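Subject: Structure for you to look through

Hello,

Here is the structure I promised to pass on to you, together with some notes to read beside it. Please keep it open on your screen while you go through them.

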Amino acid sequence: MPAVSKGDGMRGLAVFISDIRNCKSKEAEIKRINKELANIRSKFKGDKALDGYSKKKYVCKLLFIFLLGHDIDFGHMEAVNLLSSNKYTEKQIGYLFISVLVNSNSELIRLINNAIKNDLSSRNPTFMCLALHCIANVGSREMAEAFASEIPRILVAGDTMDSVKQSAALCLLRLYKTSPDLVLMGEWTSRVVHLLNDQHMGVVTAAISLITCLSQKNPDEFKTCVSLAVSRLSRIVSSASTDLQDYTYYFVPAPWLSCKLLRLLQCYPPPEDGAVKGRLVECLETILNKAQEPPKSKKVQHSNAKNAILFEAISLIIHYDSEPNLLVRACNQLGQFLQHRETNLRYLALESMCTLASSEFSHEAVKTHIETVINALKTERDVSVRQRAADLLYAMCDRSNAKQIVAEMLSYLETADYSIREEMVLKVAILAEKYAVDYSWYVDTILNLIRIAGDYVSEEVWYRVIQIVINRDDVQGYAAKTVFEALQAPACHENMVKVGGYILGEFGNLIAGDPRSSPLVQFNLLHSKFHLCSVPTRALLLSAYIKFINLFPETKATIQEVLRCDSQIRNSDVELQQRAVEYLKLSSIASTDVLATVLEEMPPFPERESSILAKLKKKKGPGAVSVPDLEDGKREGGELNGGGERGPDSAAMSASNASTPSPSADLLGMRSAAPMSAAPTSAGSLLVDVFSEAGPAAPSAAVNDDGFLRDLEPPTETSGLSSELQTPVDSPFNASSRRFVCKNNGVLFENQLLQIGIKSEYRQNLGRMYLFYGNKTSVQFASFTTTVSCPGELQSHILSILRATKPVEPVVEGGAQIQQVLNIECLTDFSEAPLLNIKFRYGGALQNLSLKLPVTINKFFQPTEMTSHDFFQRWKQLSQPQQEAQKIFKANHSMDTEVLKAKLLGLGTALLDDVDPNPENYVCAGVIQTKGQQVGCLLRLEPNGQAQMYRLTLRCSKDSVSLRLCELLAQQF
Amino acid sequence: MQFMLLFSRQGKLRLQKWYVPLSDKEKKKITRELVQTVLARKPKMCSFLEWRDLKVVYKRYASLYFCCAIEHQDNELITLEIIHRYVELLDKYFGSVCELDIIFNFEKAYFILDEFLLGGEPQETSKKTVLKAIEQADLLQENVDFQMRLFAGTVCESPNNPRCSVEH
């Protein structure tokens with residue numbers, strides 16, 4: 001039986017509750033409940049009308065059963081009947097039942113709303129309050145529709161009792177939260193704001209919650225509340241502890257109202273009115289002062305209430321972030337709490353300091369507490385407090401203390417709770433990167449991170465260390481050495497193998513001089529981990545192996561052996577099998593030069609926001625990453641990869657950052673975004689590309705070493721051409737088009753934004769040129785247009801149609817490539833080159849670029865085979881002085897026979913053997929096809945190895961062609 | 001405040017008050033999870049914890065845990081004192097309250113809470129005023145009972161009848 005049964009004791013209910021409590025098992029309880037439910041059902045259905053008391057008692061029993069966790073599907077009607085009872089307690093129980101067991105039956109809702117309406121208009125304050133409580137408890141849309149317009153009236157009416165006003169204010173708040181569209185304050189706004197001046201503290205307390213919520217949504221309409229709130233706060237703060245009578249809580253005047261007032265002020269910027277602001281600052285100072293006074297009571301309630309106000313005041317000071325004195329004072333007072341014996345205060349002080357650390361005024365003051373905070377991280381027994389300490393260390397970190405903080409966080413990680421490890425790892429990684437002055441420290445830190453908490457190191461973290469190592473050549477050797485050492489551990493984390501494989505594959509050569517880390521030792525070390533790794537890691541290792549073959553030819557046989565074994569080449573995993581097969585083929589077919597190009601060192605990554613930071617933000621939700629990260633990012637941003645964008649973008653990490661499920665997002669996969677291959681493809685298709693280009697360009701791959709390989713190299717000659725270049729270079733041929741005299745494919749142009757690749761083919765007097773425009777940035781190019789023009793008389797000599805079957809797309813998305821086809825017809829011989837003009841908008845700035853298209857007269861050559869006799873006969877026929885053009889010049893390039901042969905073949909003529917009596921000389925013959933005529937051309941090139949000189953002689957059936965060809969060719973050797 | 005739960009050391013829910021609309025299923029899930037989390041904590045640990053995207057403030061009084069879920073911008077310490085004030089109200093009303101009082105008079109516990117907090121925000125923080133409102137309601141009942149005993153067979157007809165709404 002209950003200890004107390006005040007008011008209207010319901011004996012039957014008490015007996016039932018006792019029975020339930022005496023049940024020995026869950027089954028017995030359910031049995032007893034079912035018995036009671038049957039009893040109540042029969043009573044409700046019975047012929048005999050129940051009196052109010054019985055109805056109340058049974059409804060109350062149903063409520064109790066529901067609160068025990070059982071479903072209740074009847075009794076609603078009886079509860080609704082109780083609402084219209086004249087007896088207060090019956091009505092009260094009816095409302096309680098409705099509030100707890102809301103039912104969406106529309107007939108019931110109509111009845112309920114009717115009862116509420118009656119009570120609201122009853123003018124009986126107790127009944128009105130009951131009705132308002134019910135609306136506030138249910139807060140459904142139907143109720144909002146029925147009462148949202150009525151309640152503001154009740155709230156501001158002059159004759160409404162205080163207690164009803166209080167209920168009305170919070171009832172309205174609840175309706176505003178669920179259906180803001182239905183609560184229209186309009187005309188009431190000013191009168192609601194003035195409730196802050198109400199005589200009755202209870203009314204102010206209730207009203208302020210409503211006003212705060214409305215102010216958050218409509219700050220302008222409610223801004224008059226600021227001065228009212230300040231004066232109310234000022235009166236409370238300066239009152240003696242007895243002034244407010246029952247609103248004083250353990251000697252603290254109106255703590256709830258004070259907190260709410262301070263909270264309301266946080267919806268607004270500092271008051272503009274000097275007097276108001278002065279008064280507010282005075283209040284804040286008083287609050288800080290009072291917190292320092294000796295306590296008026298030893299009760300924890302006293303200190304809690306006082307400190308609740310203090311923390312809220314500090315929140316406001318931080319929100320304003322404009323009063324350095326107050327900020328520093330706040331920080332000092334919080335500092336005292338850091339060692340308080342109350343765990344709650346330590347927790348809150350750590351939390352509050354986190355936000356103080358983000359203010360430039362108090363950052364330094366926060367930093368002075370570093371030792372205490374580190375100590376908290378080590379000794380606090382409550383994980384949530386340790387978490388706060390870790391957060392604060394993160395927030396207070398800057399260049400001056402980064403090494404200490406990172407070291408502490410690393411050592412904490414070894415024992416950290418599993419629940420917070422991943423976040424800790426991200427934080428350590430971010431700090432290490434942000435404040436790294438010396439990159440060996442950065443590499444050490446990340447490798448330690450992997451060693452200590454490898455399972456919690458997400459992909460973003462290890463991608464990032466690789467990005468940084470690749471972009472910073474001063475750390476590459478150290479990274480290779482460190483990772484090599486780390487891999488020596490008998491058991492190392494798979495993430496370490498990934499980083500190790502990648503870094504040794506790229507930079508293993510930097511430590512290969514030491515016999516202890518010779519190429520084979522490196523390989524064996526990596527391969528010893530291979531079988532323990534997952535498929536993606538093994539795929540990465542295979543790529544590292546092929547890179548080894550390039551870096552260290554002496555490992556070729558060993559690695560080929562590995563690739564050739566069945567477990568690789570017949571691996572059931574398609575990706576692994578494909579890699580093994582392709583790499584094996586590549587290593588046996590391609591010449592060392594080809595290998596060197598395909599497997600070239602990764603180009604630097606473009607600078608972008610750290611993917612780890614993005615991950616942390618995602619993890620913590622927007623706004624949860626403390627502000628200093630972002631600000632510091634701005635202040636000291638980009639310092640790690642200071643070089644900004646250099647070299648070609650290889651979309652590498654962006655592919656992997658997008659966490660493509662494909663495991664190919666590594667070494668060679670990255671190369672797939674290289675110039676000529678179109679959309680991102682796997683490593684495999686890149687290889688296909690390489691060979692398919694080798695095919696038609698030159699029948700023998702070996703001869704072609706100067707040809708297509710250069711295409712894959714990041715172009716060095718063109719790098720001088722930047723986007724600022726508005727006009728083409730004046731010289732007859734700018735550097736880029738000169739390179740295309742003897743070849744048809746390659747990179748025409750490249751800067752930080754754009755890369756233009758070119759592929760062309762010619763037959764007779766016709767040509768077709770494919771242009772590939774690649775957007776290297778992550779931002780789209782808008783209004784992208786290209787025009788081809790033929791300057792001067794070229795117009796009549798060459799017909800180039802910008803008929804790309806379709807015009808180029810006006811928009812090039814970030815990272816995308818678009819293609820354009822030009823059809824060219826040679827009408828008559830020409831010497832100028834057509835111009836390609838490209839315009840587009842990049843981030844608002846108009847980019848304008850003019851380039852010469854590499855269309856030269858020699859492209860229309862048809863090779864002509866002839867005997868020595870025929871050659872010299874023709875030669876003699878073309879003996880008029882204008883028909884011959886001759887140049888003697890110094891060699892600019894290699895004089896190697898094969899190189900020269902390749903160039904002459906690339907020129908388009910037939911290279912004739914055994915024609916010239918001097919075997920050192922080269923002679924060629926061909927016919928240039930134009931629409932109107934054919935021009936026969938003979939060429940003789942006489943190298944002088946000793947003098948490093950050439951003599952080039954051309955004889956053509958047309959004078960202008962001789963001159964032009966001579967001019968073109970003299971630059972090629 | 002989003003909700004308040006009272007539960008025993010054995011994890012039995014004694015009172016639940018929800019200030020945000022949630023389905024019964026969700027309420028049960030939240031209750032189960034939170035009761036487990038809080039009961040697993042050691043006595044000296046701090047009274048606040050981050051839970052989902054909310055802050056949970058709890059305190060144990062004898063065998064009963066009082067547990068509130070508040071939003072991020074809400075003040076933890078003042079919430080702790082909301083709990084304490086509620087306990088004081090119960091204590092004053094029942095006279096040295098114990099868990100049994102709340103079990104047997106759960107409806108009273110709800111009524112007192114509704115007088116103190118409405119829609120999750122403090123409505124009346126004065127202990128006297130809240131208790132006066134509750135006692136007045138009790139008196140109203142006794143008064144009616146008294147009247148009924150005096151004038152057997154007559155029923156108090158109108159709520160506006162001054163005899164029914166006795167001012168105390």
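What follows is a description of what was found, beginning with the contact between the chains and ending inside chain A.

Please bear in mind throughout that this is a predicted model. The contact takes 77 residues from chain A and 67 residues from chain B, and the area buried between chain A and chain B is about 6,300 Å², with carbon and sulfur atoms giving 55% of it. Between these two chains there are 3 salt bridges, as well as 26 residue pairs in polar contact. On the side of chain A that touches chain B, helix H10 (residues 162–178) of chain A supplies the largest share, 9 residues. Sorted by class, that side of chain A has 36 nonpolar, 25 polar and 16 charged residues.

One salt bridge between the chains pairs Asp382(A) with Arg41(B), where the closest N and O atoms are 2.8 Å apart. In another, the side chains of Glu50(B) and Arg388(A) meet at 3.2 Å, N to O; because Glu50(B) lies in strand E3 (residues 48–51) of chain B and Arg388(A) in helix H21 of chain A, this pair joins two chains. Glu50(B) is partly exposed, with a relative accessible area of 38%, whereas Arg388(A) is buried, with a relative accessible area of 4%. Both belong to a network of salt bridges that also links Asp391(A), Glu423(A) and Lys427(A).

Glu29(A) and Lys26(A) form one with their closest N and O atoms 3.8 Å apart, and because the two are 3 residues apart in helix H2 (residues 26–45) of chain A, about one helical turn separates them. The other joins Arg346(A) and Glu380(A) at 2.5 Å, N to O, and it links distant parts of the chain, since Arg346(A) sits in helix H18 (residues 343–356) of chain A and Glu380(A), 34 residues apart from it, in the loop between helix H20 (370–379) and helix H21 (383–396) of chain A.

Lastly, helix H5 (residues 88–100) of chain A has 13 residues and reaches 18 Å from its first C-alpha to its last, close to the 18 Å expected. Of its 13 residues, 12 are buried, so H5(A) is largely enclosed by the rest of the structure; among the buried ones are Tyr88(A), Phe97(A) and Ser99(A).

Best wishes

Notes:
Residues are numbered from 1 along each chain as its sequence is written. Chains are lettered from A and ligands numbered from 1 in the order in which they are written. This is a predicted model: local features need pLDDT of at least 70, side-chain atom pairs count only at pLDDT 80 or more; totals for chains, interfaces and linings use all residues. Side-chain values use heavy atoms; hydrogens and water are left out. Contact means heavy atoms within 4.5 Å. Buried area is the accessible area (1.4 Å probe) that two parts lose on being put together, summed over both. A salt bridge is a side-chain nitrogen of Lys or Arg within 4 Å of a carboxyl oxygen of Asp or Glu. A polar contact is a pair of N or O atoms within 3.5 Å; within protein, one must be able to donate a hydrogen and the other to accept it, and residues adjacent in sequence count only if both atoms are side-chain atoms. Helices (H or I, at least four residues) and strands (E, at least two) are DSSP runs, numbered from the N terminus. Ala, Val, Leu, Ile, Met, Phe, Trp, Tyr, Cys and Pro count as nonpolar, Asp, Glu, Lys and Arg as charged, and the others, Gly among them, as polar. The expected span of a helix is 1.5 Å times one less than its number of residues. Buried means under 20% relative accessible area, exposed over 50%, partly exposed in between (1.4 Å probe, protein chains only).
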